[in-house]
Amino acid sequence: MNIEFVGKFYDNHSLTIINRNIALILNESDNINLYITPLDDYNPNAGLDKGVVKKLKDISAKEIDANSYPDIQIRHSYPPVWQWPTNERTKVVYIQPLEYPKLLSEWQYKWENFADHVIVPSNYIKDIAVRGGLNPHSITVVPNGYNEQLFNKKEPKNLPYGIDKDKFNFVYVGNSQWRKGLDLLINAWHKCFKSYDNARLIIKDNPAIYGQNGVLNEVVKMQYKTQCAPVIYIDDNVSDETMADIFKASKVVVHPYRAEGFGMHIQEAVACGCVPILPDVGPHQDFIPEEIGIRIQTNQKAIDISSSEIFAQKPGDAFTMMSSHTIINEPNGQHLEKALQWMYHSHDKKDKFEQVKNLDMPNTWENVAKQYVEVLTNVATDNKPRRFR
């Protein structure tokens, strides 16, 4: 089976991490001839392992036989690639995340009439797509994976940025977009912990992917005005090895999100032993059991996702159903504060750490890749591409 994989492979965006890991494993499959079409160039500042880069470049250099064609073209990018494949016999499979609970009308149309199948990482997204009109038989949930060789409960090897594993470290990974809820965490932090506390907040931002922001200035002003416990702000591109060490040095991962498609860093952090503080509903429910960590109460809130503050709509996007309005689950700020304080002060928190220690985390990239192969094999058995039916 000839598979062409179209997407980015060389940066640290979550989509790219997925593409990179799935491509490397599919390339080892006996039943798959893999070809990749990168939509980006190698960036040495991304901190990628040199061996991984070499493997990707070797795959990229492969050319399909002139008398053959890709049986399936996998597309995973934002914005999605909509044009027809070069060969009319090639089937098209999309991997596509979605954060806000509103399916774009052009996505629904293309998925229903053009795509041979759609793979999404969570039941949360599948439910949104089905409510938006997509045939439920046309979409399959395959979770995002993690590298268990890096993200595990071993001791950290190297701790940069002045991180001290003997402090009670809370870690947040994401950016300043409204849907991520960093504003809720910053507002709660200075109310919960003062400079004399042993608590630390590590914020791993990613402006190289999501653009520059004012988080560092906000953090500096907050610490000066409120004398809160220290905040370590990181906006560098860091390797997976460094990110794993940061998780291993942390006690708690905090992600008070309003809208999310999966939450890869939640999975990675919990695999490293972090207790999660998360909203009471969301895509994490697929891989983090209810009894693990602490849940923040949420309240439904109507929003206009065309608002520039929310930054959900990109140029050219269109939305189905009630114009651009939808409902999100807003985490309760006071409940977040209580969760932070409970994890720091309570003598019962040892039970939470024990539960995480014994938690089975099955979504390794090896296991996830097997699910991809199953979907692709089923798609390959169809007689002809959907766009001709």
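In what order do the six strands of the open sheet stand? The order is S2-S1-S3-S4-S5-S6, with parallel pairing. The model is predicted: local features need pLDDT of at least 70 and side-chain atom pairs count only at pLDDT 80 or more, whereas totals for chains, interfaces and linings use all residues. Residues are numbered from 1 along each chain as its sequence is written, and side-chain values use heavy atoms, with hydrogens and water left out.

View 1. Strands (DSSP runs of E, at least two residues) and helices (runs of H or I, at least four residues) are numbered from the N terminus. Strands S2 (33-38) and S6 (139-141) lie at the edges; each has a single partner strand, so one side of each lacks a neighbour in the sheet. From one strand to the next, the twist averages 20° (angles run from 0 to 180 degrees between N-to-C directions, and axes are lines fitted to C-alpha atoms, for helices over the stretch in contact).

**View 2. Pairing of S3 with S4.** Strand S3 (residues 72-76) pairs in the parallel sense with strand S4 (residues 91-95) over four bridges; pairing requires at least two bridges found by DSSP. Opposite Ile-74 stands Val-93 in S4.

**View 3. Helix H4 on the sheet.** Helix H4 (residues 123-131) packs on the sheet and touches S5 (117-120) and S6, contact meaning heavy atoms within 4.5 Å. The direction of H4 makes about 160° with that of S6.

**View 4. Crossing of H1 and H12.** The axes of H1 (residues 14-26) and H12 (residues 365-380) come within 10 Å and cross at roughly 75°. H1 is therefore roughly perpendicular to H12 (65 to 115 degrees). Residues of H1 in this contact include Ile-17 and Ile-18, and those of H12 include Trp-365 and Tyr-372.

Notes:
Angles under 35 degrees count as roughly parallel, over 145 as roughly antiparallel, 65 to 115 as roughly perpendicular and the rest as oblique.
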